[in-house]
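Dear colleague,

Please find below the structure that I am handing over to you. My notes on it come after the display.

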Amino acid sequence: MHVSLDEWRATVLGLAALAPDRTEEAPLEGALGRRLAEPLTARLPAPDFRMSAMDGFAVSTRELGLGEGDSDACPAHLEVTCDISAGRAAVGNRRPGTAARIMTGGLMSDDLDTVIPVEFTDADPTAAEAPARIALTIPEAEAAKALTPGRHVRKVGEEIPAGDLLARKGDFVTPQIIGIALSVGVTHVKLTRPRKVAIVMTGDELVTDLQAGAGARPGAVLESNGPMLQAACARLGAEASIHHVGDDPAELIALARSIAPRHDLIVTTGGVGSGARDVVKAAFGEGFGDTPGLNCSRFEHLAMRPGGPQGVGRLPVDHAEGGNTTPMVHLPGTPVGAFTAFHLFIAPLLGSPSRPLTLPERNVRREAQPLKTGATVKPAHLAIENGSLIATECEGARLRPFAEANALLILEKDRVRVLSLAGSLRAR
Ligand SMILES: Nc1nc2c(c(=O)[nH]1)N[C@H]1C(S)=C(S)[C@@H](COP(=O)(O)OP(=O)(O)OC[C@H]3O[C@@H](n4cnc5c(N)ncnc54)[C@H](O)[C@@H]3O)O[C@H]1N2
Ligand code: MOO
């Protein structure tokens, strides 16, 4: 019986669990794409003083003798005795019963409670000096609201109260989190140190040099998994190094042992099939022929296509910071198998917020069929169409259709799920 995709996901999360995160305090600027090691809360309220939400004229409804909804008592003219700009000291001492010209973002002193937008007056909005007197031209429809206390005034903390939870532990820092946090006085945050991933490509046939690949050696294949998976790691805030070995198990074991102490996770690609030269299986499984393997990884053929052959284990090694094993995940060598398996099994280890979400069949456009017992995984494009989230399978063979994909479709007999590649589709 082949192992199911979900069983394998749980197995990898358990067996290849990473060492606890290490953290560091760092400035928010430059933290884009990194993960928060603790919840982010507002240090200051936003706004942190009462301010005008409009360019216009601030008044005290109490001084004008206006009660709630008292539009009939609204004066036709107002004297202007003060001028307030954002971030500057007020010019002039406002006399009771008169207005202050005020700009959006200008500080409202305690005596002022309402702002009349400049459009509702005869004042020239761009005049350098405040006018001495204005006529009110409040439209009928606005009359009841225009002079009620609090109109067009932003209260302290109305956007964000002090102490408000802005982002959770484990969230990725986004451009908007940077903006929100800086606006409430948070300049430094606790971040998890980027995970260090080693990507080891196996195979004598692989070449990184275009000249060598273009027929210089029979059967040479251009290497693409390394930089592809390195980029996928970077999307999740992890730093990946790339390594190559040929089809010699002893060489692979030596390489893995030498890099393991410096890495949180080793990912291998290739060498997990059923053939005579499957170097990863030979090195970390039970060995091959007379060559004993380390027997530290488990290999299965999943009930899934592509990406059927998979492995996971822990390499015995002494770490400088403690711990005596390094987790390893073994992906198939085919670029499409490696890519899909990375998103299904390794992204959750690295803290990806994406989860496979069930989609109603009517929201899915597809040609592909599920395996009789197991999952078919296909590239798909997720988009909102007529107000619904629709997943459309991308057409083409192997890795090609992934060029326009932003999601994976997981097709099974009785359900269809979708996993966002952008890393942000979460169930609510
Ligand atoms: N008799 C069977 N044969 C195969 C089975 C099976 O069940 N029985 N499964 C097939 C499936 S499915 C897959 S997937 C592959 C798994 O093979 P490996 O993981 O051992 O991968 P390789 O043989 O090393 O490579 C496969 C293919 O991909 C190319 N490749 C490998 N690494 C890279 C790289 N870094 N960049 C670009 N391309 C790469 C490699 O040259 C091969 O063409 O086994 C099937 N066979
Ligand atoms: O499992 Mo493989 O070729 O279908 O990636």
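The paragraphs below set out what was found, beginning with the conventions and the confidence scores.

This is a predicted model, in which local features need pLDDT of at least 70 and side-chain atom pairs count only at pLDDT 80 or more, while totals for chains, interfaces and linings use all residues. Residues are numbered from 1 along each chain as its sequence is written, chains are lettered from A and ligands numbered from 1 in the order in which they are written, and side-chain values use heavy atoms, with hydrogens and water left out.

Confidence

The mean pLDDT of the protein (the predictor's confidence in each residue, from 0 to 100) is 91, and 95% of the residues score at least 70. Helices and strands here are DSSP runs (H or I of at least four residues for helices, E of at least two for strands), numbered from the N terminus. For the complex, the predictor gives a pTM of 0.82 and an ipTM of 0.91.

Ligand 1

Ligand 1 is surrounded by 21 residues (a residue is near a molecule if one of its heavy atoms lies within 4 Å of it), and the closest are E205, E223, G271, V272 and G333. By class, this shell holds eight nonpolar, 10 polar and three charged residues. In this division Ala, Val, Leu, Ile, Met, Phe, Trp, Tyr, Cys and Pro count as nonpolar, Asp, Glu, Lys and Arg as charged, and the others, Gly among them, as polar.

Several polar contacts may be of interest to you; the term stands for a pair of N or O atoms within 3.5 Å, and within protein one must be able to donate a hydrogen and the other to accept it, with residues adjacent in sequence counting only if both atoms are side-chain atoms. The side chain of E205 places an N or O atom 2.7 Å from an oxygen atom of ligand 1. A polar backbone atom of S224 is 3.0 Å from a nitrogen atom of the ligand, and a polar side-chain atom of N225 is 3.3 Å from a nitrogen atom of ligand 1. On its own, ligand 1 has 860 Å² of accessible area, of which the protein covers 65%; such areas come from the Shrake-Rupley method with a 1.4 Å probe, and for residues only the protein chains shown count as cover.

Ligand 2

The residues around ligand 2 are R305, P306, G307, G308, P309, T334 and G337. This shell divides into two nonpolar, four polar and one charged residues. Oxygen atoms of ligand 2 lie 2.4 Å from a backbone N or O atom of G307 and 2.6 Å from a backbone N or O atom of G308. In the side chain of T334, an N or O atom is 2.9 Å from an oxygen atom of ligand 2.

P306 also takes part in a cis peptide bond with R305, with omega about -5°. The loop that holds P306 runs between strand 20 (304-305) and strand 21 (309-316).

Other backbone features

A cis peptide bond also joins A46 and P47, with omega about -10°; P47 lies in the loop between strand 2 (40-41) and strand 3 (51-52). N295, which is not a glycine, has a positive phi of about 55° and sits in the loop between strand 18 (291-292) and strand 19 (297-301). N386, not a glycine either, has a positive phi of about 45°, and its loop connects strand 25 (375-385) and strand 26 (388-393).

One open sheet has six strands in the order 15-12-16-22-21-19, with mixed pairing; two strands pair if DSSP finds at least two bridges between them. Strand 15 (239-245) and strand 19 are its edge strands, each pairing on one side only. The twist from one strand to the next averages 20°, where axes are lines fitted to C-alpha atoms, for helices over the stretch in contact, and angles run from 0 to 180 degrees between N-to-C directions. Strand 12 (residues 196-202) pairs with strand 15 in the parallel sense over seven bridges, and A198 has S241 of strand 15 as its bridge partner.

Another open sheet, also of mixed pairing, has five strands in the order 7-4-6-5-8. Strand 7 (114-117) and strand 8 (133-135) each have a single partner strand, so one side of each is left without a neighbour in the sheet. Strand 5 (residues 77-84) and strand 8 are antiparallel and share three bridges; the partner of E79 in strand 8 is R133.

With kind regards
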